[in-house]
Amino acid sequence: SRHAQFAKPHSLWLNDPDSEQDTDEDDSDEVEQIDQDEIFDLIRSISDPEHRSMTLEQLAVVSAPQITFNSKVPDRVTVEFTPTVPHCGMSTFIGLSIRVRLLRSLPERYKIDIRVKPGSHESEHALNKQLNDKERVAAALENPALLEVLEQCLSTAGRST
Amino acid sequence: MSRRESRMEVDLPGKIELIADLPGHEDKAWHVAWNPARPLLASCSADKTVRLYHYNTISTSDTSDSSSSLKFELNTSIATGHTKTVRGIAWSPSGQTLATASFDANIGIWQQEEDEDGEAENNVNGGGEWECVSLLEGHETECKSVAYSSTGTLLASCSRDKTVWIWEVHPDADFECMGVLMEHSQDVKCVAWHPTEEILASASYDDTIKLYQDDPSDDWFCATTLTGHTSTVWSIAWEPKEGGYLASSSDDRTIRIWRRLPGKGDISFECAAVIEGHERSVYSISWAPAPEKEAVKDAGGKNLGWLASTGGDGTVLIWQINEVPGEPDKSPKIEQTLLARLDAAHGVHDLNAIAWCPRAGMDGIFATAGDDGHTKVWKLILS
């Protein structure tokens, strides 16, 4: 995985000043009842940060059955994803892109937990912890270099596949 | 019946009443802090501002009802100049200085310019502008929390860079770094000084709490590490009167109460209670002393005050913490009683901070800050 090349000491996610920036076209409206497939539709077309021409769906990183709802509180959603390889250095970034896409698209009442598929990554615990730390996520989104790559990966989200 | 409706029917001795809803931040409100000496409430936000609210203190003969006439007004909004989120704020004990901790890795020190009459502290509505009198640089990454010691002579700051810095406060906004403590293996989320002694506690993403002391003949050092939480420790709060206990709140959804063990010289703690009740991360706790009249209620027990907690579930819980005698030759026990519960305090949003007002005559008054950018002021009313 050439993802490792993005990792730089002071970024928890990546640090990759890259080409031009796209803006995310977020035109989703508030919907009362949101099901598994609708949430999947929001994230399936996010581009893989390494293989930009491929979507997370095409790489089998995300799938509809990996989206689950808290049985008591349906606004609490867990989105599981499967890194392509167990040592994939871009997994935190992929998880972040899923989180940001859902933050921007779902009604505010939703509380999202992002997890890697159990057993799918050698740093599973650390990954899960970082992806669900709202302070680290907030700080990541104030990092212009990281945000630029994020916007590029999210620019394809919502396009029909 | 929904889960929330069933909750409403739980019979608790207290209720929580909204005193003021203060919108205004354009992004998440991360923290809230009461000025200890003046009627000012500060909040900070991802919008990089600090908002200061003034409240009146109408003195009435019926002191038990004084809060019902509390009115909050925006005093000023400080454009801090921080280039990223202002994550934490702290007042000095004198109430004359405000410190800001920002994701831009700097700590800002703010004081109010004296107005023409030279009476800044007596002129709560007017007075001069708040200006940055010092910028403490040194942290490499996001600062998360800042705190003044009880005497105001020391300032502690912490960061994602895993360090805790201790600064000595000199006159004329001069700060000298007394120590850089590199004990945690991950982000340091919160720092809190002991209420009477020069003991500092820090809480971390590494799931631990560390306590530091100054060696008069050497440097600051880590005296002990408290382990037990199974995820990030977000917030810590000392029992405010004597500091015999420390409370901590965590991403593991629990609050722990740690007892300081008697002993000369060294510092050691044991876990005295694990309190459950929240359904998501407990981002913030605040501990208020018991009102004078209620300090000793039950024979043999000691009322250690009220612990307020909140977090990602949007719920405020208020507990009374009692110390009761244990078995002969054993430590006393901690018993907590849930006094009041408020769900959806900021609607659907997370709550990031909760703080009791420390000023006299303000028993039961606390403030919260939420992802909706609002600051709210509440009162605990016991029936």
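# Exercises on two chains

A:D35 caps the N-terminal end of helix 1 of chain A, with a side-chain oxygen 3.1 Å from the backbone nitrogen of A:D37. (A polar contact is a pair of N or O atoms within 3.5 Å; within protein, one must be able to donate a hydrogen and the other to accept it, and residues adjacent in sequence count only if both atoms are side-chain atoms.) Helices (H or I, at least four residues) and strands (E, at least two) are DSSP runs, numbered from the N terminus.

This is a predicted model, where local features need pLDDT of at least 70, side-chain atom pairs count only at pLDDT 80 or more, and totals for chains, interfaces and linings use all residues. Residues are numbered from 1 along each chain as its sequence is written, chains are lettered from A and ligands numbered from 1 in the order in which they are written, and side-chain values use heavy atoms, leaving out hydrogens and water.

**Exercise 1.** Find the buried residues of helix 1 of chain A and say how they are arranged.

*Solution.*
- Step 1: Buried means under 20% relative accessible area, exposed over 50%, partly exposed in between (1.4 Å probe, protein chains only).
- Step 2: Go through residues 36-43, and you'll pick out A:I39, A:F40, A:L42 and A:I43.
- Step 3: Look down the axis of helix 1 of chain A: these buried residues fall within an arc of 155°, so they line one face of the helix. (The arc is that of the directions from the helix axis to the C-beta atoms.)
- Step 4: The buried residues pack against strand 1 (67-69), strand 2 (76-81) and helix 2 (91-105) of chain A. Contact means heavy atoms within 4.5 Å.

**Exercise 2.** Work out which residues make the contact between helix 1 and helix 2 of chain A.

*Solution.*
- Step 1: The axes of the two helices come within 9 Å and cross at roughly 115°. (Axes are lines fitted to C-alpha atoms, for helices over the stretch in contact, and angles run from 0 to 180 degrees between N-to-C directions.)
- Step 2: Helix 1 of chain A brings A:I39, A:L42 and A:I43, while helix 2 of chain A brings A:I98, A:R101, A:L102 and A:S105.

**Exercise 3.** Decide whether B:S204 is buried or exposed, and list its contacts.

*Solution.*
- Step 1: Find B:S204 in strand 15 (residues 199-204) of chain B.
- Step 2: B:S204 has 0% relative accessibility, so it counts as buried.
- Step 3: Skip its neighbours within four places in sequence, and B:S204 is in contact with B:H184, B:Q186, B:D187, B:V188, B:K189, B:T232 and B:V233.
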